Amino acid sequence: MQTNFLWGGAISAGQTEGNKNHVKSKLSNFDMLPMDERRLQPVYKDDDNNIFNTYNDDHHPSDLGIDFYHTYIQDIKLLHDLGINAFRFSISWTRLFPTGEEEIPNQDGMKFYRNIFKELEKYNMEPIVTLSHFEIPLNLITKYGSWSSRNVIDLFLHYADIVMTEFSKYVKYWIPFNELNMILHIPFIGGGLVFTRKDNVLQKEYQAAHYQLLANSLVIKHGYQINPTFKFGCMIAAGMASPYSPNPEDVWAANLSDRKALLFSDVQVRGNYPSYFDNLCKQNNLNLDITDKDLKILRENTVDFVSFSYYSSACSAADGDNLKHTATNGFETVKNPYLTNEDGVWQVDPLGLRITLNQLYERYERPVFIVENGLGTTKDRVIDGQIHDTYRIKYLDQHFTEMKKAIEEDGIPLIGYLMWGIIDLVSVSQGKMSKRYGVVYVDLDDSENGTNKRIKKDSFFWFKNYLSLNGLGENNNEKRLSKISH
Ligand code: BG6
């Protein structure tokens, strides 16, 4: 592949690493997630059946993950065989600082991540590191109320400082937080938030969002002091909403829905809250702790590139009560009659990727980076040792085609494409293995039974071939990269 376009794959710690022994002091919010419908719902501590009361160690997906803690050497080798040149993974805050309050990080944990960096270096693969991927130590939730407390910012900065200092020579691309807008949809997963039935939920969500945004800026500020060549990206779950009909009320509904994501990138890229934010606070009786000093920090420490996940577009209607709904990343959306989910759990909309790339670049004029995209499906079957995932090949082909058009016809400076769950992993929304994304199959079922063997799916060979035929052009890419500055 003659290019320095970042073609790669992505995973997260909680969904892959395993090796947790479920000593309560070492758990994170992700380890607490139940295997039922409460998984994505807000957690209320005054409800009897809240996830703290019903927690048991019988079966939790992050017990084993895909045992990446022990298999990273062979997994990274497989990814090298695939031909990719970039790999996004997250560092587990809880693995390094089990209570979130230790001074010194856990040395086994540090060794594990150093070894991953060394493996990537061996194959010349660019690491893209997420510092917080839906993960916060449980102790910080019970002691401080997680990100609803300003105290957590300094604890996160200490963790970030150690990681950025120790691994400075290996990493250029950092993503401090995964999908910050998810705090409005899945607040326990996105921010470890716990409510009481008396709480103004939005007050807590926006307060926590502000502290995360502030922590994001402080990480950037400090990161440049450690190494001025670092590049930082924001991260939102993108996939903008189409109006259900041309009715202006539906168009406006789509606009309002997009704000829930774009507010987060606006702050991280432009350095300030959008114009409607004051009114949003007034209308919802929000009384937020946001100081002038905070606003200065946000203004002065913005990201270098706009990274985002894209699985599908959403759809909005002013009055959607009688319309069909369907699940999408983190929330329910009106079903778009022009899209199907016959291949995956969520609707498929390849052109939506081109639209999103254009929308984000036109809005921010900073290089963009697709750091998650892929087809999560329950269709994969092993037949005579093979997985004929034609639907995934179709998905990738269609999305790559739209991505190329965005680069070549629309002039979008795209840094790279990272396929989500490039090796099968535990799904966030379902907590199961059976919703699979990878081009590499992992032989584990929803009860963590199986050999844990890796099998290359048909899509693996297709992707490998695609990569060898479709470099996106070294010169173009250099032009793109040169636009990243701070
Ligand atoms: C994104 C997350 O929201 O969507 C990933 O960053 C997640 O961690 C991915 O796995 C797909 O969602 P799910 O629920 O299918 O795992």
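Entry one, the ligand shell. The model is predicted. I sorted the residues of the shell around the ligand by class and got six nonpolar, six polar and three charged. The shell holds 15 residues, and I noted E179, V428, S429, K435 and Y437 as those that come nearest to the ligand.

I looked for side-chain N or O atoms beside ligand oxygen atoms. For S429, a polar side-chain atom lies 2.5 Å from an oxygen atom of the ligand. For Y437, I read 2.5 Å between an N or O atom of the side chain and a ligand oxygen. For N329, the distance from a side-chain N or O atom to an oxygen atom of the ligand is 3.0 Å.

I asked which space holds the ligand, and found that the ligand sits in the largest cavity. I put the volume of the largest cavity at about 200 Å³. Its lining has 19 residues, and F134, N329, W346, V428 and S429 lie nearest the centre of the cavity. By class, I have nine nonpolar, seven polar and three charged residues in the lining of the largest cavity. I also listed the cavities of 30 Å³ or more, and the structure holds five of them.

Entry four, the largest pocket. I noted a volume of about 500 Å³ for the largest pocket. I found 30 residues lining this pocket, with H185, S257, K260, F331 and E332 closest to its centre. The lining of the largest pocket splits into 14 nonpolar, 12 polar and four charged residues.

I found at least two residues of the pocket lining in each of α9 (248–270), β10 (314–316), β11 (325–328) and β12 (331–334). Which element gives the most to the lining of the largest pocket? I have α9 down for this, with six residues.

I went back over the names for the ligand and its cavity. V428 and S429 are among the residues that come nearest to the ligand, and V428 and S429 are also among those nearest the centre of the largest cavity.

Notes: Residues numbered from 1 in each chain as written. Predicted model: local features only at pLDDT ≥ 70, side-chain atom pairs only at ≥ 80, totals over all residues. Heavy atoms only, no water. Near = heavy atom within 4 Å. Polar contact = N/O pair within 3.5 Å; in protein donor to acceptor, adjacent residues only side chain to side chain. 1 Å grid on protein atoms, 1.4 Å probe; cavity = no way out; pocket = protein on both sides within 12 Å on 5 of 7 lines; lining within 4 Å. Sits in = over half its atoms within 2 Å of the grid points. Nonpolar A, V, L, I, M, F, W, Y, C, P; charged D, E, K, R; others polar. Points joined across faces, edges and corners; volume = space filled by probe spheres on them. Helix = DSSP H or I, 4+ residues; strand = E, 2+ residues; numbered from the N terminus.
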